[in-house]
Amino acid sequence: MIQLKVNGAARQFDGDPEMPLLWFLRDELQLTGTKFGCGEGLCGACTVHVNGAAVRSCQMPLQAAAGKNITTIEGLSATATHPLQTAWQAVNAPQCGYCQTGQIMQAAALLKQKPKPTDADIDAAMKGNICRCGTYQRIREAIKLAANGVPKAPAKAAAKGGGE
């Protein structure tokens with residue numbers, strides 16, 4: 001039986017120990033924020049934290065995660081107000097959004113290691129996360145914004161519809 005912690009909760013699994021961590025998170029725990037991208041560990045859509053380090057969950061067999069602490073996008077902030085999440089919203093970083101959870105998890109690992117990253121640090125850390133929409137400039141802007149202070153959450157369409 002494999003035991004691990006996911007987003008702070010103790011979990012166990014007694015199925016195939018070779019099952020990728022990605023499928024355990026998505027299919028067994030219904031944590032669908034972590035995305036399946038290439039299945040080869042090349043695109044970063046499946047990035048989660050294992051003991052605080054960014055890892056491609058599609059390439060990690062569940063047995064390798066035994067006894068470790070796993071954090072998914074759902075566990076990054078219970079209220080989706082992590083500085084990176086609010087920065088992402090502030091600069092409208094996502095376009096289609098598919099890769100964004102992996103991007104945010106990779107960026108969170110970067111900021112944990114380097115709270116004030118340079119552009120070169122950001123480019124080096126994020127180079128393995130692919131965005132088909134090409135929102136790299138906005139992603140970099142969001143990371144810098146989060147590194148320089150907690151942005152306020154954007155107002156939710158308060159001004160839409162006119163009238164006061």
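These legends describe close-up views of a predicted model.

Residues are numbered from 1 along each chain as its sequence is written, and side-chain values use heavy atoms, with hydrogens and water left out. In this predicted model, local features need pLDDT of at least 70 and side-chain atom pairs count only at pLDDT 80 or more, while totals for chains, interfaces and linings use all residues.

**View 1. Confidence along the chain.** The protein chain has an average pLDDT of 92. pLDDT is the predictor's confidence in each residue, from 0 to 100. A score of at least 70 is reached by 91% of the residues. Residues 157-164 fall below 50. Beyond near neighbours in sequence, that stretch makes zero contacts in the model. Contact means heavy atoms within 4.5 Å.

**View 2. The largest nonpolar core.** This core holds 20 residues. A nonpolar core is a set of buried Ala, Val, Leu, Ile, Met, Phe, Trp, Tyr and Cys residues joined through side-chain atoms within 4.5 Å. Buried means under 20% relative accessible area, exposed over 50%, and partly exposed in between (1.4 Å probe, protein chains only). L84, W88 and I143 touch the most other members. At least two residues each come from α2 (73-76), α3 (83-90), α4 (100-113), α5 (119-126) and α6 (136-147). Helices (H or I, at least four residues) and strands (E, at least two) are DSSP runs, numbered from the N terminus. The most is given by α4, with six residues. Another core, of 16 residues, lies apart from this one; among its members are L21, M60, L62 and A65.

**View 3. Surroundings of W88.** Neighbours within four places in sequence are left aside here. W88 then contacts A93, P94, Q100, Q103, I104, A107, I139, A142 and I143.

**View 4. Helix α1 and its strands.** Helix α1 spans residues 21-28. Its buried residues are L21, L22, F24 and L25. They pack against β1 (2-6), β2, β3 (47-50) and β5 (69-71). An α-helix has 3.6 residues a turn, so residues three or four places apart point the same way.

**View 5. Two positive phi values.** Most residues other than glycine have a negative phi. N7, not a glycine, has a positive phi of about 50 degrees. N7 sits in the loop between β1 and β2. N7 counts as partly exposed because its relative accessibility is 28%. Just after α1, Q30 takes a positive phi of about 60 degrees. Q30 belongs to the loop between α1 and β3. Q30 counts as exposed because its relative accessibility is 55%.

**View 6. A10 on strand β2.** A10 lies in β2, residues 9-13. With 64% relative accessibility, A10 counts as exposed. Beyond neighbours within four places in sequence, A10 contacts L4 and K5. A10 and G67 are 57 residues apart in sequence, yet 9.6 Å apart in space, C-alpha to C-alpha.

**View 7. Q106 within helix α4.** Q106 is part of α4. Its relative accessible area is 12%, so Q106 is buried. Not counting residues up to four places away in sequence, Q106 touches T47, A54, R56, A125, M126 and N129.
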